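Please open the model in a viewer and keep a selection panel at hand. The stops below proceed by selection, each followed by a note on what is found there.

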Amino acid sequence: MEAAARRRKHPGAAGGASAQPGASFLQARHSTAKADEAASTAPFHLDLWFYFTLQNWVLDFGRPIAMLVFPLEWFPLNKPSVGDYFHMAYNIITPFLLLKLIERSPRTLPRSMIYISIITFIMGASIHLVGDSVNHRLLFSGYQHHLSVRENPIIKNLKPETLIDSFELLYYYDEYLGHSMWYIPFFLILFMYFSGCFTPIKAESSMPGVALLLVMPSGLYYWYLVTEGQIFILFTFTFFAMLALVLHQKRKHLFLDSNGLFLFCSFALTLLLVALWVGWLWDDAVLRKKYPGVIYVPEPWAFYTLHVSGRR
């Protein structure tokens, strides 16, 4: 009777002892899941990296080239050009590939940060689409990319002069705001993915032969992205953040897997190519005037309008 009365008075006493094993089981299960996540290693994503590199070359690098190659009669100046359609496709395919890449990460990444980054990326790339479309269409009217907006022959004599301010605003949307909202979330997503590309097994820290073949076109594309997008500081910060993370994880006996090695080697090659590009054009007086200051990284299209198209 007394025992029954004590059980009625303290109903949780008997259940507390049985609840402890259940809580311990859940805690152990959670710890095991985290350990499995840390120990798991993703195989090399050949399909995603190949599609990613291919669409970067075709839809981004090939965009201004297609605008010059296709006959003007097919895409009048008051209508979207073929390059604009390339850009629209890029704005859809690239976020999709980035999301697929994040899905395959062996590490659970912060979803809210991923979603905000993807949304900002799409908005920035879309702003750039409009500004870049008009700026490249101005090439057919004699616009020269190696000169500033106010120094261009077709713009400096516009009346009223407030029209020049409008073109400078367009240039700002294209080269500054659009690029910032496009590239900052782009590299942030790649860095977050890179942070999950580590394995405790040193033997898995190697790239297959096909990955080595993709490093060159991937690194060469990022060279174009850094120079044409004028994002040398952002890219350099991202690369050295990746390097710092590699050194930090090495202390924990964690090594880059094949996907992390591919991304890191591509960025290292890009940094080398940018250094060679800057060294080659170091004494160019005209480009120096357009890109004053400590950071001197000329755009490939400025070089094209100055040294290539001007000779035709």
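Against which helices do the buried residues of helix 11 pack? Select helix 11, residues 300-308; helices are DSSP runs of H or I with at least four residues, numbered from the N terminus. Its buried residues are Pro-300, Trp-301, Ala-302, Phe-303 and Thr-305, where buried denotes under 20% relative accessible area with a 1.4 Å probe, protein chains only. They pack against helix 3 (46-69), helix 7 (209-229), helix 9 (258-280) and helix 10 (285-290), contact being heavy atoms within 4.5 Å.

This is a predicted model, in which local features need pLDDT of at least 70 and side-chain atom pairs count only at pLDDT 80 or more, whereas totals for chains, interfaces and linings use all residues. Residues are numbered from 1 along each chain as its sequence is written, and side-chain values use heavy atoms, with hydrogens and water left out.

Next, select Glu-175, which lies in helix 6 (residues 162-194). Beyond its neighbours within four places in sequence, Glu-175 is in contact with Glu-228 and Glu-299.

Now display the largest pocket, which holds about 490 Å³ of space. Of its 23 lining residues, those closest to the centre are Tyr-171, Tyr-176, Gln-230, Tyr-291 and Glu-299. Helix 6 gives the most to this lining, with nine residues. A pocket is an open set of points on a 1 Å grid with protein on both sides within 12 Å along at least five of seven lines; a cavity is a set where a 1.4 Å probe fits but cannot get out; lining residues have an atom within 4 Å of a point. Volume is the space filled by probe spheres set on the points, which are joined across faces, edges and corners.

Closest to its centre, among 16 lining residues, are Arg-63, His-128, His-179, Tyr-224 and Glu-228. Helix 3, helix 5 (111-137), helix 6 and helix 7 each supply at least two residues of this lining.

Finally, select residues 176-194: this span is 100% helix, and its end C-alpha atoms lie 26 Å apart.

Conventions: Buried means under 20% relative accessible area, exposed over 50%, partly exposed in between (1.4 Å probe, protein chains only).
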